[in-house]
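Let's walk through this model together, one piece at a time. Keep the viewer open and follow along.

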Amino acid sequence: MTTYVKETSLLTWRSLRTISRVPERLLDVTVQPFVFILLFLYVFGSAIHVQGISYKDFMFPGIIGQGLAFGIMGTGTATAHDMREGVVDRFRSMPIGRLAIISGQVMGQLAEQVLGLTIYVVIGLALGWRPHFDVLHGLELFALVTLALLAFTWTGVYFGMLVRSPDAMQGVGFIVIFPLSFMAGTFVPIARMALIPRTIAQWDPISALVATVRGLTAPTYHTGGSWLLDHPELAMVLWCLLLLGVCVPLAVRRFNRTLAT
């Protein structure tokens, strides 16, 4: 166990050190938050009215939830790069445990996603967002966000192993994750959507994530219309456990098969 922890720590540090050589890896967690926040808060936000809550208090929980979901794309792209550029092949000749290699990848990506979420929160507080929660709800929010980070990171790692290139991972992400994150009530209330996107949004797994963050930081606002939105915290936990239960063993199996070939 001590060897595993040491090897995982070293590989996590190796993953983080590559950022200095490829700084554009952080664009999705540094520059993108500024662009999205400024665009939706000061351009579209002026035309969007949400009853019973300020648009800042409505938008920032949504954009935090979207940022968590976007972690799938960033993690998948980084994993695809390592898998296709020979990084994993170099580990074969080294006395490193297989589990430590994939664990280091996950931990490194988790650190990048935490950086992105921190930027979201700092920008929000600087622009006037004021989340409303007590200590107990704050701890609950922290635990749920941590669970979502783990679930989305492992999902990104698995899909990054499946695709043939980092570009393919980005393409898949923008086809699937991008529209689902925008239909999750991130920037506009789900109740105002047309019938088809509203129906999708009411059962969108990212909607549960957004509704959970919003419900804990702006408790006066409630989104309903489906079981998922009426019980967002439970739905979010179930979705995250499902992703972890499916993606973790599949990712480990895929990784072992890659090293064996």
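Start with α3, a helix of 30 residues whose first and last C-alpha atoms sit 43 Å apart, close to the 44 Å expected at 1.5 Å a residue. That expected span is 1.5 Å times one less than the number of residues in the helix. Helices here are DSSP runs (H or I, at least four residues), strands are runs of E with at least two, and both are numbered from the N terminus. α3 also bends by about 30 degrees at F70, where the bend is the angle between axes fitted to the seven residues ending there and the seven starting there. And α3 is mostly covered, with 27 of its 30 residues buried; buried is under 20% relative accessible area, exposed is over 50%, and partly exposed is in between (1.4 Å probe, protein chains only).

A quick word on ground rules: this is a predicted model, so local features need pLDDT of at least 70 and side-chain atom pairs count only at pLDDT 80 or more, while totals for chains, interfaces and linings use all residues. Residues are numbered from 1 along each chain as its sequence is written, and side-chain values use heavy atoms, with hydrogens and water left out.

Now zoom out. The chain has eleven helices and zero strands, and of its 261 residues 49% count as buried. Take contacts (heavy atoms within 4.5 Å) between residues at least 6 apart in sequence: 80% of them join residues at least 24 apart.

What sits in the middle of things? The largest nonpolar core has 70 residues, and I37, Y55, M59 and L68 have the most contacts inside it. Such a core is a set of buried Ala, Val, Leu, Ile, Met, Phe, Trp, Tyr and Cys residues joined through side-chain atoms within 4.5 Å. Several helices give two or more residues to this core, including α2 (27–44), α5 (98–126) and α11 (232–260), but the largest share, 13 residues, comes from α3. Click on M59 and you'll find it touching I37, F40, L41, T186 and F187, leaving aside residues up to four places away in sequence.

Next, the rings. There are ten aromatic pairs, meaning Phe, Tyr or Trp rings (for Trp, the six-membered one) with centres within 6.5 Å; planes under 30 degrees apart are stacked, over 60 edge-to-face, and the rest tilted. F60 and W129 have ring centres 5.7 Å apart and planes at 20 degrees, so they count as stacked. Because F60 lies in helix α3 and W129 in the loop between α5 and α6, this pair ties together parts 69 residues apart in sequence. Both F60 and W129 are buried. F182 and F187 make a tilted pair, 5.4 Å centre to centre with 40 degrees between the planes. Here F182 is partly exposed at 24% relative accessible area, whereas F187 is buried at 3%.

Finally, look at α7. Its 17 residues should span 24 Å at 1.5 Å a residue, and the 23 Å between its end C-alpha atoms agrees. α7 has a kink of about 35 degrees centred on F174. Buried residues in α7 include P166, M169, G173, I177 and S181, and what covers the buried residues of α7 includes α3, α6 and α9.
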